[in-house]
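Dear colleague,

I am handing over the structure below, and after it you will find what I noted while going through it. Please read the notes with the structure open beside them.

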Amino acid sequence: STWGDYSRMTTHQRELYQQVRSTIETLRNLIVTVEGYQTSSKDNYIDWLGQYATNLRDLDSMSDHLVVEIPREMIRLVDEGVNPFVVTQQIANETITREKATLGKTLALKKFREELKLARQQSTE
């Protein structure tokens with residue numbers, strides 16, 4: 001996945017990544033302000049709330065450049081309370097297992113092909 005490697009992200013992914021980080025930071029500051037709220041911090045609270053709203057608008061405007069397809073099965077599992085990271089890990093493990101099996105078959109076919117070539121060469125000699 002390119003999300004784990006900033007250098008491999010597209011321009012839109014980088015912008016989205018930075019916007020998400022900014023939104024999270026704004027939300028963190030808003031939470032700190034709410035937790036320590038005093039009448040004197042009202043203006044600070046309003047500023048962070050406004051910034052958070054701006055962040056969410058900016059994220060929404062970026063959605064035009066992002067195509068995300070979530071399988072219905074994943075949505076169903078999340079609705080049932082299953083952790084999506086666990087499901088994703090299971091799918092990744094199953095994919096790795098299938099890829100290893102496919103690689104084994106491919107290597108076996110290559111070896112068989114080479115043996116056939118060798119047998120054909122020996123039979124024509």
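This is a predicted model: local features need pLDDT of at least 70, side-chain atom pairs count only at pLDDT 80 or more; totals for chains, interfaces and linings use all residues.

The buried residues of α1 are Gln-13, Leu-16, Gln-19, Thr-23, Thr-26, Asn-29, Leu-30 and Thr-33. Helix α1 itself runs over residues 11–35, and because its 25 residues should span 36 Å at 1.5 Å a residue, the 36 Å between its end C-alpha atoms agrees with that expectation.

As for aromatic rings, the structure holds 1 aromatic pair. It is formed by Tyr-37 and Tyr-45, whose ring centres are 6.0 Å apart and whose planes stand at 80°, so the pair is edge-to-face. Tyr-37 counts as partly exposed because its relative accessibility is 43%, and Tyr-45, at 27%, also counts as partly exposed.

Turning to the overall form, the radius of gyration of the protein is 26 Å, whereas a compact globule of 125 residues would have one near 14 Å. The C-alpha atoms fill a box of roughly 95 × 35 × 25 Å along the principal axes. Of the 125 residues, 11% count as buried, and the protein exposes about 10600 Å², of which carbon and sulfur atoms supply 56%. Among contacts between residues at least 6 apart in sequence, 40% join residues at least 24 apart.

How values were computed
Residues are numbered from 1 along each chain as its sequence is written. Side-chain values use heavy atoms; hydrogens and water are left out. Rings of Phe, Tyr and Trp (its six-membered ring) pair if their centres lie within 6.5 Å; planes under 30 degrees apart count as stacked, over 60 as edge-to-face and the rest as tilted. Buried means under 20% relative accessible area, exposed over 50%, partly exposed in between (1.4 Å probe, protein chains only). Helices (H or I, at least four residues) and strands (E, at least two) are DSSP runs, numbered from the N terminus. The expected span of a helix is 1.5 Å times one less than its number of residues. The radius of gyration is taken over C-alpha atoms; the globule rule is 2.2 Å times the number of residues to the power 0.38. Contact means heavy atoms within 4.5 Å. Accessible areas come from the Shrake-Rupley method with a 1.4 Å probe; for residues, only the protein chains shown count as cover.
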